[in-house]
Each structure stands twice: as C-alpha cells, then as structure tokens.
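I opened my notebook today to look up how the parts of this structure meet one another. I want to write down each thing as I find it.

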Amino acid sequence: MSDKKSLTLPNAAPIAPPLAPGVPSTAGADFLTTRLDQLVQWAHANSLWPMPFGTACCAIEFMSTVSSHYDLARFGAEVVRFSPRQSDLLLVAGTVTDKMAPVLRKIYDQMPEPKWVISMGVCACTGGFYRAYHVVQGIDEIVPVDVYVAGCPPTPENLIHGVMLLQEKIKSGELARHREAKTLVPIRVGEDPAAFLPAYSTSVMAPGRPGGHELPEMKGTAEQDAPGRGGWTGGRSGGRSGGRE
Amino acid sequence: MSTTTPSPTLAFAPLLERKFGEKAAPEARPAADVPTIAVDASALHDVALFLRDDPSARFDLFLDLAAVDRLKLAGPASYRAGERFAANYLLYSTERNEHLRVRTTAPAADPKLPTLTDVWWGANWFEREAWDLMGITFEGHPNLKRLLTHNGFVGHALRKDYEAGQRWLCTEEDVLQTDLAAQTETPEDVFETLTLNFGPSHPSTHGTLRVVMRCDGETIVAAESECGYLHRCFEKMSETHTYQQVIPYTDRLNYCSPMINGSGYARAVESMLGVEIPERARAVRTVLAEFSRLMDHMVCLGANLVDIGALTNFWYAFQAREEIYSLLEACCGARLTSSYARIGGLSNDVPENFVEWCRRLVKLCHNQIREVDGLITKNRIAQKRFRDTGVVTKEQALAWGFTGPCLRASGVAYDVRKDAPYDWYDRVDFDVPIATEGDNFARYLVRMEEMRQSLRIVEQVVAKLPNGPVNSDDYRVVLPPKEMVYNEMEGLIYHFKVVFEGIPVPAGEIYSYTEGANGELGYHIVSDGTGRPYRVKVRPPCFPLFASFEKIIRGGMVSDAVATLGTLNIIAGELDR
C-alpha cells in the first residue's frame, strides 16, 4: 500500500508516532486505526447525495452550482437524486409556501437516515422579504435545518461554502438529532386565525426540536410572541381552530 | 411619454353604442393607456360575444383579468356606492393589433359577475384567481375553487381589508387532495385506470407545478393541473412597498430572465409619470433584455432536453448563461436577481468594456447554440420525442390565451417587440420566427431561432450604443447625484422626498406590456397618487399556458406530457406570483 500516507482519515493520523497515550504507533505498518463512527462520518461527508427541493430562483443558482463551471462534484455531492428515498441531503432551494409546506415535510419524512438539511437562500431560511400571507417564515417551522445559506439567491460559491460547512458538521458527529425530530413536529404550518403575524417576530427555530437552539429574544416583541405559535402544540388532530385558546 | 400603446381608435364604437346603448360606453383614458370601454355587468356576456365575433372588433385573445378592490381608493377615482370591485378584462385582436380593456364593476356585498369562460376559454384560471384572491363570484364558471392559495385559507387575500401577513393553518389534507384524486369510480369506457400524481416536487416539473393524471396504461385519459405552490403574494407585497421597492420583487417573477420583468415594470411606471428616460438607458435595457431572453430559452431548452434524455446540452446552455451572468454581475453586482432597472433609468452605468464584452458574448452564445443545434435538431430520438406531441392548433392557442413563443409556434406572428415597439426595438432589424405545426418540435425550433434573433438585436444595438447619462434628470423620480445632495438645498430636498415619500405617481391606471421570454408580460397598475402602488396586477404569460396543460396532454402518453411541459416553459415564480 504505497498510498497509505496520502490517505487521511479524521483523527487517524497514520504517520505520527503514538496516536494517544497507550495506543501503539502505526508508523510503517500496513494498517491504520480509527474509530468506526468516524470512518462512517468521513464517508458520509464526502458522498452526499442531494435531493434538490428547488422551488424558485434559488433552484436556478443550484443548477449553476452543479453545472460545469462550479462543479459540485468536486465536493462529492454531484449525485443529484430526485427521489427522497435515495438521497441523504435535502437541499431546500427557494421559497416554501404554506401550500408547499406539507409536501416538503413529507419528502423529509421519506428520506432514510442519516439525513441532513441545507436551507438555501433567505426565503427558505426566514421567508426573506416575503412577509406575507402565504409564505412559510423559514422552513425550520417544519423541518430541522443544519446549515443556513444566506443570499437572495446565494451565489454558487456561497452554496459550496454551505456544503463544506455541512461536511464539517457531519465529520464532527452531529447525527442523531434528525431521528428524534422526526415525530415531534406535526405537519401544520401557518398562524392561528385569531392572531396576526407580528411585523418583526423572533423566529422560533423549530420549536420542540431536541437540541434546537433558541434565538435570543428581541426586545419589545417577546410579549406578542410568548403565547404564539399555538399551532405547534395542537398536534395533527387539533383541527384548524385548535391550538391557541 | 414612451409610446407603448397603439392609438386609441375604436372602430367598432358606433356599432357598440347602437347595440348596447349606455350599457357599454368608451371611457376617456390617457394616451399611454389602452383604450377602455365601461360595461354594465348585466351586459358583460353579450358585449364579450360581440367583441369576439363582430368583424369590426375580433378580439380573439383573452389576455388578463385584473380585479381591483376600490375600498380605499380616495379622490376622484373613488368608487360609487355599490361598485366596490372593478374587473378589468384585457383583450387583444391579432387581426388588427389592438388592445382593449373592458371594465365592469361589482358591488361590495356578494360581488357577482357572469363568467366569460364560454367566450374565451383562457378566462378560466383568471376568473378562478379573481375569486380566490378578490372574492368575486363568477356565475356559471365550471370549476370555481381556490387556485393560488391552499384550501385551508379563509378570506380573500387581495381585498384591501385583508392584513398582508395573515396566514392560515394548512394541513396535509388541505393540499394533497384534488377532485381527480378523490374520484373513486372508474369511467365506464375505460377498463382499468390509475391515478398518477405528478409533482409538485418532481424532477421534470422544474419547480412547483402539479398535475394529477388519470391514466389508462400509459395514456392519459384525464388530467387536472394545479398551481399555487409558489404563490409568494407578489401583488400584496407590491401594495405595501414604494414604487422603487417593487423592482426587486419583479426580478423574482420570471427568475430566468429578471431583467425583462424589471424594465417592463419600470416602463409602466414611467409612462404613468410621463418621464422620458435617456437613450443610453433604453439601449442598455434592450441589450440586457435580449440576453435575458436568451438565458431564459437556454434554461428552458437545457432542462427540457435533460428530461428527454439529452444531458449534454444542459452544460452547453449553462456555460452561455454563466458568461452572461458575469456581464450582469459587472453591470449591477448581482448574477441572477439583478434589480438593475430603476424607474427613470438604471441603477448605474454599464462597465467601460460593455460593448466589447457584449460582442464577445454574442460570439460565444452563437457557438453554444450551434452545439445544441448540432446535437438535437436532426437527432432521431429528439425528433421522435418532439414531433407530433403536445400539439396545439392555432385556434386552440388563441382561445386558450397563449402568447409568446408558444403562440408563435402555433402560427400566430404576435410579438410585442414588433407590434408595439418599445425601447429600441423599432430601430433594429430582426425577424419574428413562427412555425405552424404547434407541436413540441415547433416550439423548440422557434426558441432556437429566437435566440439567434436576440443575438442579432444585441449586435445592432451595441454598434449604435449612445453615450450619456443612464438616468433621467427628473429628480422627483430619480435620486439626485451625491454632490448635489451635499451642496445644494434643493438636491437635499429632492433626495429626502424620493426616499421618504416615494415617487408621486399621479392617480390613474395603466396597462403596460412587454414581450417577456415566454409571452406578453403585462403590468396593470392602479395608482391613488401616493408613493405606493394601490394595486399591481401582473399578466403572467405562463398562466394560460399551464391552465391549458391539462387539455394538451389529454390522450397522449405520460412521457409526452413531460416533454410538453418542458417546451411550454412554465416558470413557477411567474405562474404563481
């Protein structure tokens, strides 16, 4: 195995003398040592199979990213699969409307574990400049998101940066969250009929999601928001009027 | 005043008066707007039949239905009691190259109008949209139900008393059921059928289109197309922003060719204001609009050919796009959503090497087109997939409200750039390619030729590109230069007023139209004299195309439906707005 030295695995460090106190050196040997989960994560990170959930303008920039000029293949993520059953990276490119939201959620649920989600563009991240009656104010209302890519639409460089960030996260071992999130967020989007969307709200990042980080609350809007998002607790059987009483 | 519209001569006016008397009377309009007749709702259906069939009228193309809620319209344009809603029907006569607006009103309580779907089938989805967003009932409409919003939606979003941010809970059941999917009984003449759901997330729908098909084997016996999955409330958002702030929203209508949308919108507002823009700005708008058209056709063809199994062309097409993106980036800093047009001109001047750059791009694009042409046009597989599939006859195309390349592929030579020239189109020499077959191959060929004609236009315009400013010096509309703002009191005042109050567009109404990449892109703008538009209605060229999709594919194979969807070039952002 002459190419042994060029092969680098996370934390494997095949060349260094002792790997850790008590671990024998592998220098000069025909094998290397690593942990199984790290090997798997390394493989996952470098062969992402994206399912492009392209709805709008961002999808055009996604096409540019996979095209010959920017060539996402350099990052091992060129095997675009339009079937959720065959892919592990959900790439939400574009605005998701209330009407589309259940579809997005369904596709997310159909993807096998392990899976990751990139939210491409401000519409998918926060609703963007569509603070309107039919637009989901950030897809983290419906699915957990791993990497948010800013831009309207993001340039291909920015999307590639997002993919690279995700690779870093995968290698660092953030795998389990999605499995837990799966059953907790019901497929319901939108606001309770009784309450208006405040002009500037603190976005609740996927409420109820285990490990989901909370944004610091903005002053002045906390009161309006505190009882809000009642739809989330109502569950699927709650009906349209349920939730916020 | 830019000459966007033909002169308002109504040849049929005397006959109209004799037949309908006071119930249908021509209305005085500014010259920039299209001629208008005000019709009483009770006579609407008869007037529509007259306008379609009378030899002196012959309005064969239904373009748009713009419903306006006049609840908060103050001043002279305010509505009289019992006439809260105005419905503006936009018609076009291919024979006489004339636009016409038919305006009628409906009361506030239980607004009702007769349906015109039996006169022009193309009115079908426009009426559904007006019902969905404005709450006007169309009596006799075959399928009046929600189109753009989901079934859990309550209220009518474009009414003036509807809060822009009010969302409604939407569940899975609200979205995934269509009438066709819910049907359980099998039609008698078919032995065994299967209901196939196609979209909204499907590789060949390129976005968010959905069709539910009833298939007998691989043959489609019934279909129902549905849209609204990308309804981003463009029209409501326009009402909550100033005129200049709407421009970024227009970019996201047809995101494959944003420059056309932006300059089309700017031109509509400019003609309301009566502002002349400098020649250089017009020339640059023409050049970039043609490059945008080319980019749009490139995406359409590239993606369409991927669907029928020819992947290579996609890379050729996108290489040309990347190069054009670089030019746009040098002009305005953005690749895709350029927001380059401004009311009164452009955001800034083009780079110094613009002309050489354009010439280089023309050469490169010719190469890329030649590559695709060589691979596809005489290719046996492409021929078999494209020929005699997705056929739309001339009569059908007109009745269904087609415009743009799809109409031209069915044999009607209607192109706004020729028939009502704007910007520099009357100063350049170009041909309008048409085909007569109306099948997928005709649409492919028309687009290929249009790309070459676009390059021809670009070559001619850059050869004559004038020097000078790119913005009007009317500082009521355009921000004054910085040194003026800092050194002169007047400049500061102008700057303040434009930024804080917006552009004071005089109260009125206009329908201004542009040749978009896939058809006539119209802006119907109502102003109440403030800095924000009272109502902006877009006439999306894809809308009638996708409305009739269910009719085109009936009787064909599922795989032909995919090819047809590609050649129709439906852009969801523009379809759903």
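Entry one. I looked up the salt bridge of B:E226 and found that its partner is A:K99, with 3.4 Å between the closest N and O atoms; I kept in mind that this is a predicted model. The cut-off for such a pair is 4 Å, and across the interface of chain A and chain B the rule finds 2 salt bridges. I then noted 15 residue pairs in polar contact between chain A and chain B, both residues being at pLDDT 80 or more.

Entry two. I asked which elements of chain A supply at least two residues each to the side that touches chain B, and I listed β1 (50-54), α2 (57-66), α3 (101-110) and β5 (188-189). The largest share, 6 residues, comes from α2(A), and by class this side of chain A holds 28 nonpolar, 13 polar and 11 charged residues.

For the contact as a whole I wrote down 52 residues from chain A and 54 residues from chain B, and a buried area of about 4,800 Å² between the two chains, 62% of it on carbon and sulfur atoms.

How values were computed: Residues are numbered from 1 along each chain as its sequence is written. Chains are lettered from A and ligands numbered from 1 in the order in which they are written. This is a predicted model: local features need pLDDT of at least 70, side-chain atom pairs count only at pLDDT 80 or more; totals for chains, interfaces and linings use all residues. Side-chain values use heavy atoms; hydrogens and water are left out. Contact means heavy atoms within 4.5 Å. Buried area is the accessible area (1.4 Å probe) that two parts lose on being put together, summed over both. A salt bridge is a side-chain nitrogen of Lys or Arg within 4 Å of a carboxyl oxygen of Asp or Glu. A polar contact is a pair of N or O atoms within 3.5 Å; within protein, one must be able to donate a hydrogen and the other to accept it, and residues adjacent in sequence count only if both atoms are side-chain atoms. Helices (H or I, at least four residues) and strands (E, at least two) are DSSP runs, numbered from the N terminus. Ala, Val, Leu, Ile, Met, Phe, Trp, Tyr, Cys and Pro count as nonpolar, Asp, Glu, Lys and Arg as charged, and the others, Gly among them, as polar.
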